[in-house]
Amino acid sequence: MFTLAERIKQLPPYLFKEIDQKKKEIAAKGVDIIDLGIGDPDLPTPPHIIEAMVQAVQEPANHHYPSYSGMEGFKMAIAKWYEERFSVTLDPESEVIALIGAKEGIANFSLAFLNPGDCALIPSPAYPVYNSGTHFAGGRPYVLPLYKENNFFPDLASIPEEIAHTAKILWLNYPNNPTAAVADRHFFEEVVTFAQNYKIMICHDLTYSEIAFDGYKPMSLLEIKGARDIGIEFHSLSKTFNMTGWRIGFAVGSSKAIEGLGAMKSNIDSGIFQAIQVAGVEALRAVEESRSAIQKIYTRRRDILVKGLRECGFTVNPPKATFYLWVPVPDSYTSVDLTKRFLEEAGVVVTPGNGFGDPGDGYIRLALTKDEDSLKEAIERIKNIGI
Ligand SMILES: Cc1ncc(COP(=O)(O)O)c(C=O)c1O
């Protein structure tokens, strides 16, 4: 009776679900696992954000259906932050929409804009939802491999003319998960020119905008002239404010893109609990505090893990942003072989690069989402098994 729809059957298995299963099996054997696999911060949400939520929960006005596109106060806080952070002026009513996390908006965007057979340009390796959203909409993904030789940027010049002319959406994500690559103004200018030439919408995922090190400050696509007419940018409160469980994010950009996404969403969800949006306003009021606190912590963790992995024989460069290390595996291993060895022999969970797409094979991804002692312990265990 419950025969799955083809759209589900044809999906590749969700990477983290598989790893979770394996992890459970190993943990059941009594192994104390150190999980560097998933990008879920170990740190708690800052107390002032929790306090704002506690107050808002008690307010009966917040117990009703929220507005579909987000509370006025939340959208205004987003516009204010964009102005201060990126010098980009947004109209909170038409150029901002609240999301139940960036993931929801990313998936729904394809449903809002792709007809069956429409082409979407999707980087690989990448956050899997650009691909699954395209797939659910019946779209046709065209893979843009991200290779080290290209500094993990897509080679736009290599896209065949007939593909570029028919593509409707280009997905991008810098600072990048999983490669930790960062993009500069020159790259975004090239992207905007390309998208203008071929009339392609740019969807930029800026989830990691505030997780950056050594003075580096990621930029917004919307800073580029002309980008706001053809672009939309997705954000998350999950990483910057340790709020993965709260489910809140937002998108900003072209009013047409925001309107279309909103039309899709209003038929699927009914907005975000207002108390969570009030907490979101408080989070955005004090971005600097949260940012400098987590930057210090992740910088120390990054340095511990980079040093330790080098001592184990890996070649690894310290990333300028994101809380991931994208580490080439030695020639004698595939990504999956090494991941298995780490898990089975050292109780350390990392993610095989090909889980983010075939061009990610030959790499593993480690998340800096565990405390310093756990990272040191993980290094010791890896040293003990050797590579
Ligand atoms: C690149 C990227 N985009 C989006 C998300 C999802 O963020 P959210 O928790 O807001 O749904 C993640 C989470 O890992 C991510 O890495």
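Ala 286 is buried in this predicted model, with a relative accessible area of 3%, where buried denotes under 20% relative accessible area, exposed over 50% and partly exposed the range in between (1.4 Å probe, protein chains only). Ala 286 lies in the loop between helix H11 (274–285) and helix H12 (287–311), helices (H or I, at least four residues) being DSSP runs numbered from the N terminus. Although Ala 286 and Phe 241 are 45 residues apart in sequence, their C-alpha atoms are 10.0 Å apart in space. The model is a predicted one, in which local features need pLDDT of at least 70 and side-chain atom pairs count only at pLDDT 80 or more, whereas totals for chains, interfaces and linings use all residues. Residues are numbered from 1 along each chain as its sequence is written, and side-chain values use heavy atoms, with hydrogens and water left out.

Helix H12 has 25 residues and spans 36 Å from its first C-alpha to its last, close to the expected 36 Å, the expectation being 1.5 Å times one less than the number of residues. Just after H12, Gly 313 adopts a positive phi of about 105 degrees. Within H12 is Arg 301, which counts as buried at 3% relative accessibility. Leaving aside residues up to four places away in sequence, Arg 301 touches Asp 42, Leu 43, Leu 368, Thr 369, Lys 370, Asp 371, Glu 372 and Leu 375, contact meaning heavy atoms within 4.5 Å.

The axes of H12 and H14 come within 10 Å and cross at roughly 10 degrees, axes being lines fitted to C-alpha atoms, for helices over the stretch in contact, with angles from 0 to 180 degrees between N-to-C directions. H12 and H14 are therefore roughly parallel to each other, angles under 35 degrees counting as roughly parallel, over 145 as roughly antiparallel, 65 to 115 as roughly perpendicular and the rest as oblique. Among the residues making this contact are Arg 301, Ile 304 and Leu 305 of H12 and Glu 372, Leu 375 and Ile 379 of H14. The residues of the contact of H12 with H14 divide into five nonpolar, one polar and six charged, with Ala, Val, Leu, Ile, Met, Phe, Trp, Tyr, Cys and Pro counted as nonpolar, Asp, Glu, Lys and Arg as charged, and the others, Gly among them, as polar.

Helix H13 (residues 335–346) and helix H14 (residues 372–385) pack at an angle of about 100 degrees, with their axes 10 Å apart. H13 is thus roughly perpendicular to H14.

Notes: Helices (H or I, at least four residues) and strands (E, at least two) are DSSP runs, numbered from the N terminus.
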